[in-house]
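Colleague: I am new to this structure. Please take a close look at its aromatic side chains and walk me through them.

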Amino acid sequence: MFKFSALNWSWIFVYVLGLVYLNYFGSQDQFTSTLIVYVALFSIYIYFIRIREKLNEKSTDLLAIIFHVVPLFAIPALSPDVYRFIWDGEILTHGIHPYAYTPQELAEEPFFQSSAYLNSLYSEITDLSRTN
């Protein structure tokens, strides 16, 4: 069976709390708190690497499942790349290669001007570029 000490369970709990914070409540503008949580999670990870010989295979499988299920439904808030991927996918569905044109050239396309979804993706940047 699973043989975790109270200390190990507390580290698992803290690790899960850190994962929840990073995946569901963290944002790019909170650098200090994000860095502190990353350092804490990395330290706990190193702790479990050091004691891995004491854990059986079922224990490590349970930890892997727990640590992978926590961020499963999270929106990737720490990386804006996901929005670029959505943008590229939307452009590709219209048969246009996303790297074949500049954003200025794509802004002149009729589907771009009529699509509320595409207009909302980078609305702040689009508004800023229109004022310049």
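Modeller: What follows covers the ring pairs and then a surface patch. The model is predicted, so local features need pLDDT of at least 70 and side-chain atom pairs count only at pLDDT 80 or more, while totals for chains, interfaces and linings use all residues. Residues are numbered from 1 along each chain as its sequence is written, and side-chain values use heavy atoms, with hydrogens and water left out.

The whole structure holds 4 aromatic pairs (rings of Phe, Tyr and Trp, its six-membered ring, with centres within 6.5 Å; planes under 30 degrees apart are stacked, over 60 edge-to-face, the rest tilted). One of them joins tryptophan 11 and tyrosine 47: the ring centres are 6.2 Å apart and the planes at 50°, so this pair is tilted. It links distant parts of the chain, with tryptophan 11 in helix 1 and tyrosine 47 in helix 2 (residues 31-50), 36 residues apart (helices are DSSP runs of H or I, at least four residues, numbered from the N terminus). Tryptophan 11 is partly exposed at 32% relative accessibility, and tyrosine 47 is partly exposed at 25% (buried is under 20%, exposed over 50%, partly exposed in between, with a 1.4 Å probe and protein chains only). Ring pairs link Trp11, Tyr47 and Phe48 into a cluster.

Tyrosine 15 and phenylalanine 67 form a tilted pair, because their planes are at 45°, with centres 4.4 Å apart. Tyrosine 15 is buried at 14%, as is phenylalanine 67 at 19%.

Trp11 also belongs to a nonpolar surface patch of about 470 Å², with Leu7, Phe13, Val14 and Leu17 (patch residues have over 30% relative accessible area and no salt bridge; nonpolar side chains are joined within 5 Å, like charges within 9 Å; a salt bridge is a side-chain nitrogen of Lys or Arg within 4 Å of a carboxyl oxygen of Asp or Glu; areas come from the Shrake-Rupley method with a 1.4 Å probe). Phenylalanine 13 is exposed at 53%.

Technical notes
Helices (H or I, at least four residues) and strands (E, at least two) are DSSP runs, numbered from the N terminus.
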